[in-house]
Amino acid sequence: MPSEPTDRPTSRLLVIDEHDRLLLFRAELVARQLGRWYWFAPGGGVEDGESHEQAALRELWEETGLDDIELGPLVWRRTIEFESDRLWRFHERYFVVRTASFAPEPASVQPDEQWMHDDGWYRWWSLDDLRSHEGPERIVPRYLDSLLPPILAGDYPAEPLELFE
């Protein structure tokens, strides 16, 4: 295993519906061997030649089937490290997307995304749902229930906030 992490630029989407609910996905992700489940925002890696914005729109289409959506502002940045098949350092960028509620229909499911075929793999979360969550699954980023209210109110930061895990 390398001592230095592999950097991975990543785009994530805060998909918010007309009821101010946030779309999150549920999976074991790379911690599968630990049996640890997570709720997390849609998104994924930036491919060669893509901007974070282009990757966000592509990932939104691949993971939800939504196309021709206006990408909102970049509101958060987060860098995290974790170990799976190697040590990774994700450089995440979180963009806002406002849309009507829908049932995600992935347009492209990658081999490492088979969880998208599981029952209960997505959920629309209200702020109260996030605040009262006591399940064994971890919601990421941490403190999402504290970070989200200004975003729901349309009070976007002038510069993206740096989140620390």
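This is a predicted model: local features need pLDDT of at least 70, side-chain atom pairs count only at pLDDT 80 or more; totals for chains, interfaces and linings use all residues.
A salt bridge here is a side-chain nitrogen of Lys or Arg within 4 Å of a carboxyl oxygen of Asp or Glu.

**Entry 1: R77 and E162**

I started with R77, which forms a salt bridge with E162. Their closest N and O atoms are 3.9 Å apart, so the pair falls within the 4 Å limit. R77 lies in strand β5 (residues 74–83) and E162 in strand β9 (residues 161–163), so the bridge ties together parts that are 85 residues apart in sequence.

Are the two partners buried or exposed, or something in between? R77 is partly exposed at 28% relative accessibility, and E162 is partly exposed too, with a relative accessible area of 43%.

**Entry 2: the surroundings of R77**

Next I asked which residues R77 touches once its neighbours within four places in sequence are left aside. I found E92, R93, P160, L161, E162 and L163.

**Entry 3: the salt bridges around R58**

I then went to the total, which comes to 13 salt bridges by this rule. One of them joins the side chains of R58 and E47, at 3.6 Å from N to O. R58 is in helix α1 (residues 52–64), while E47 is in the loop between β4 (43–45) and α1, 11 residues apart from R58.

How accessible are these two? R58 counts as buried, at 15% relative accessibility, whereas E47 is partly exposed at 41%.

R58 also forms a salt bridge with E62, with 3.3 Å between the closest N and O atoms. Here both partners are in helix α1, four residues apart, so about one helical turn separates them. I noted E62 as buried, because its relative accessible area is 11% and buried means under 20%.

**Entry 4: the aromatic pairs of F25**

How many aromatic pairs does the structure hold? I count seven. Among them is F25 with F40, an edge-to-face pair with 6.2 Å from centre to centre and 90° between the planes. F25 lies in strand β2 (residues 22–27) and F40 in strand β3 (residues 38–40), so this pair ties together parts that are 15 residues apart in sequence. F25 is buried at 0% relative accessibility, and F40 is buried as well, at 7%.

F25 pairs with W121 too, and this time the arrangement is tilted: 4.9 Å centre to centre, with 50° between the planes. W121 sits in the loop between β6 (87–98) and β7 (122–125), so its pairing with F25 in β2 ties together parts that are 96 residues apart in sequence. Both F25 and W121 are buried.

Stepping back, I see that ring pairs link F25, F40, W121 and Y122 into a cluster.

**Entry 5: charges over rings**

The charged end of R26 sits over the ring of W37, 4.0 Å from the ring centre. I wrote down a second case as well: the charged end of R123 sits over the ring of W125, at 3.8 Å from its centre.

Conventions: Residues are numbered from 1 along each chain as its sequence is written. Side-chain values use heavy atoms; hydrogens and water are left out. Helices (H or I, at least four residues) and strands (E, at least two) are DSSP runs, numbered from the N terminus. Buried means under 20% relative accessible area, exposed over 50%, partly exposed in between (1.4 Å probe, protein chains only). Contact means heavy atoms within 4.5 Å. Rings of Phe, Tyr and Trp (its six-membered ring) pair if their centres lie within 6.5 Å; planes under 30 degrees apart count as stacked, over 60 as edge-to-face and the rest as tilted. A charge sits over a ring if NZ of Lys or CZ of Arg is within 6 Å of the ring centre and within 35 degrees of the ring normal.
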